[in-house]
Amino acid sequence: MAEPTRVPPEGTSPAGPIQEEQLPWLEELPPRKIVAELDRYIVGQDVAKKAVAIAVRNRWRRTQAPDDIRDEILPNNIIMIGPTGVGKTEIARRLARLAGAPFLKVEASKFTEVGYVGRDVESMVRELVDVSINMVRTEREDDVYPQAEARAEERLLDLLLPSTPVAPATPLAPGEKGEGRAESRPLFVVSSKGDVTPAASEADTEAQERRRRTREKLRQQLKEGKLEEREVEIEVQQQGFPMLEMMQPPQGMEGPDFNFTEWLQDMLPKKKKRRTVHLHEARRIVIDEELKKLVDMDDVVNEALDRVENHGVIFIDEIDKIAGERGTVGPDVSREGVQRDLLPIVEGSTVQTRYGYVRTDHVLFIAAGAFHISKPSDLIPELQGRFPIRVELQPLTEQDFVRIMTEPENALTKQYAALCAADGATLEFTPDGINEIARIAAKANERMENIGARRLHTVMTTLLEDVLFDLPDLPEKRIRFDAERVRERLAKIVDDEDLRRYIL
């Protein structure tokens, strides 16, 4: 089984030396460290983090097991139960981003059973394969990016300094003697191996040296960025055919293995056209072409399929929307049909994709739902058995809101401070101001629908609306929010029940 490679951190240059210090694959970390990584972005929900960390670590443990039992070790699928806005989706999303594993989030309510209009359940596996293909291809392109840049630079220099055609030697006319034309007669050099090469004259040697110096000057200017606005003429391959793009199958009837549109595009002759573009645009086009030449797509597909089968994660959100009391008639029949179609995918089957067959036996499935109206026991028993680990997430309290606004690396207060810094302003929140925002958000969740941490977004947006609007023209570039100012800005909305319902 191929070992997956670690995805480089966001913001690093593909050609930079940072890639040498690669972080360990997340599955190789002990569960305690996996939870610590999730704690950097998600507050609370320790039970859910613990269950997810064990499931991820078990992926690595399975790879270390003997071959005769490795295929028998099935993943521990998880179902998360809790109200909206408590971190169900965020846990799965952060986990996949940290792990670098192929990850797909789908809404269960989008699927319908076979025979109804909608997407078929197997499409989630095909989409996961597409995600994995893009992920592996990006990693391979990052590895060969310096080589592609070097090749692209040579091609750009050829565009800036086209080679001069060599004038052919004029043959002698029949009966014409060669006296007086010795200086124009071509000379040839014969090597010890018998290879015959034309001997370059002194003028040709001087021209080649002059061309080499000019090319080196252009190379230096190219590296210094002085030629970015220079226009060059480049030959590009026409992308796609507009009429073929319209020949897409209806939604829910996607071809599993044979893509007629792609086959037809491969059969039709490739059209090329010449475009005049700026050098920076030409560089992008040429680098893309060189990357396609350097990356072996057959190898990419093989590794991507292996990564899907052994490290793929599918997060099925809103699974409570397809649960209902069994035995009813009407639209609920379709819900139970979706569950029946979902069952073979979760328990392990072979799905036909356009890149080959994919087994879902070892794909990790994480389901989540609020289960306000229905309950997990309303799912069909066979599907319940495929999610043996059930985790209940707790509703967020006022103190949790305070932690959410201060502890994570992407806390809302830090996000808005970064937005204000773009206009040269400094945004500060005092501890009592943060406590007041958390109190108002918790109070709004109690009086209205509880939407969890998403309520903080509505409160913060309302609080900073006027500030962000007037920020470019404000003479005072230091904005400070304490408890009194927060109450002053939000008191009218919080006290007015009608306003609160529509704004918060």
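Guide: E318 is partly exposed, as its relative accessible area is 25% (buried means under 20%, exposed over 50%, partly exposed in between, with a 1.4 Å probe and protein chains only). Bear in mind that this is a predicted model: local features need pLDDT of at least 70, side-chain atom pairs count only at pLDDT 80 or more, and totals for chains, interfaces and linings use all residues. Residues are numbered from 1 along each chain as its sequence is written, and side-chain values use heavy atoms, with hydrogens and water left out.

Visitor: OK, and what is phi of E318 near?
Guide: Near 55°, which is a positive value in a residue other than glycine.

Visitor: Where does E318 sit?
Guide: In the loop between β7 (313–317) and α11 (332–347). Helices (H or I, at least four residues) and strands (E, at least two) are DSSP runs, numbered from the N terminus.

Visitor: What about F371, buried or exposed?
Guide: F371 counts as buried, at 10% relative accessibility. Phi of F371 is also positive, near 55°, and F371 is in the loop between β10 (364–369) and α12 (381–385).

Visitor: Switching to aromatics: how many pairs does a search of the whole structure find?
Guide: One. Rings of Phe, Tyr and Trp (its six-membered ring) pair if their centres lie within 6.5 Å. Here the ring centres of F429 and F481 are 5.7 Å apart and the planes are at 15°, so this pair is stacked (planes under 30 degrees apart are stacked, over 60 edge-to-face, the rest tilted).

Visitor: Which strands are they in?
Guide: F429 is in β12 (residues 426–429) and F481 in β13 (residues 478–481), so the pair ties together parts 52 residues apart in sequence. F429 is buried at 14% relative accessible area, and F481 is buried at 0%.

Visitor: Now helices. At what angle do α15 and α16 pack?
Guide: About 125°, with the axes of α15 (residues 431–447) and α16 (residues 454–470) 9 Å apart. The two are therefore oblique to each other (under 35 degrees is roughly parallel, over 145 roughly antiparallel, 65 to 115 roughly perpendicular, the rest oblique).

Visitor: Which residues make the contact?
Guide: From α15, I437, I440, A441, A444 and N445; from α16, R455, L456, V459, M460 and L463. Contact means heavy atoms within 4.5 Å.

Visitor: And how do those residues divide?
Guide: Into eight nonpolar, one polar and one charged.

How values were computed. Axes are lines fitted to C-alpha atoms, for helices over the stretch in contact, and angles run from 0 to 180 degrees between N-to-C directions. Ala, Val, Leu, Ile, Met, Phe, Trp, Tyr, Cys and Pro count as nonpolar, Asp, Glu, Lys and Arg as charged, and the others, Gly among them, as polar.
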